[in-house]
Amino acid sequence: MIRVLLADDQHLIRQAIATLLDLEPDITVVVQVGRGDLVGPAVAEHRPDVLVLDVEMPGMDGLTVAESMPGQAMLILTSFGRPGYLRRALAAGVRGFVPKDASADELAAAIRKVHAGGRYLDPEMAASAMMAGESPLTERERDALALAASGASVSEIAASLHLSEGTVRNYLSNAIAKLGAVNRIGAIRTAQDMGWI
């Protein structure tokens, strides 16, 4: 029996997925959580074989959870097929990436494959990630843009990143130029749409 942890902040969706998975003869959902920061304690308590994680959750997003649990068999289930998300998930050791509009049979097959040590990537998501290429942003440009996206001012970003305000402005200007945006808001939108922040 493959023991699954299911993490998704949308209660109705989480319960529907759990119900469908529990109909499989070789899969059982042993624990459900609605926040990313609850995954670690749930893993310690229930010792699931495979983690099925949503990307966007309160407390800690699914990609950050994946990065914090190397070696754990994980699959991302998301309605956001952003190329940057797929690349980041693979870099974190995630072995499955499935859209939320997949069938229950496809999700079950992905869980079995990940449990067996293989990979399961939705073909359309994989093709989109390959065509989009790598993020043109440096780590510092990404950090500055992500903080700007959360509403932080230049001075708050500078304090958070331990940089001068002028350096932060340079990073933001570089990000705007690299993303072909007119302003910071456009750069944030593009980076978010691509899953780079």
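In the largest nonpolar core, Leu5, Val39, Leu51, Leu53 and Ile76 touch the most other members out of 24 residues. Such a core is a set of buried Ala, Val, Leu, Ile, Met, Phe, Trp, Tyr and Cys residues joined through side-chain atoms within 4.5 Å, where buried means under 20% relative accessible area (1.4 Å probe, protein chains only).

This is a predicted model: local features need pLDDT of at least 70, side-chain atom pairs count only at pLDDT 80 or more, and totals for chains, interfaces and linings use all residues. Residues are numbered from 1 along each chain as its sequence is written, and side-chain values use heavy atoms, with hydrogens and water left out.

**Exercise 1.** Find which residues leucine 5 is in contact with, leaving aside its neighbours within four places in sequence.

*Solution.* Start with the cut-off: contact means heavy atoms within 4.5 Å. Leucine 5 then reaches Val31, Val33, Val39, Ala42, Val43, Pro48, Val50, Leu51, Val52 and Leu53. Next, look elsewhere: a second, separate core of 20 residues includes Leu6, Leu75, Leu77 and Ile111.

**Exercise 2.** Work out how the axes of helix H1 (residues 11-22) and helix H5 (residues 104-115) cross.

*Solution.* Helices are DSSP runs of H or I, at least four residues, and strands are E runs of at least two, numbered from the N terminus. Axes are lines fitted to C-alpha atoms, for helices over the stretch in contact, with angles from 0 to 180 degrees between N-to-C directions. The two axes come within 10 Å and cross at roughly 70 degrees. H1 is therefore roughly perpendicular to H5, a label for 65 to 115 degrees. Finally, the contact uses Ile17, Leu20 and Leu21 of H1 with Ala104, Leu107, Ala108 and Ile111 of H5.

How values were computed. Buried < 20%, exposed > 50% of the residue type's maximum accessible area, 1.4 Å probe, protein only. Parallel < 35°, antiparallel > 145°, perpendicular 65-115°, else oblique.
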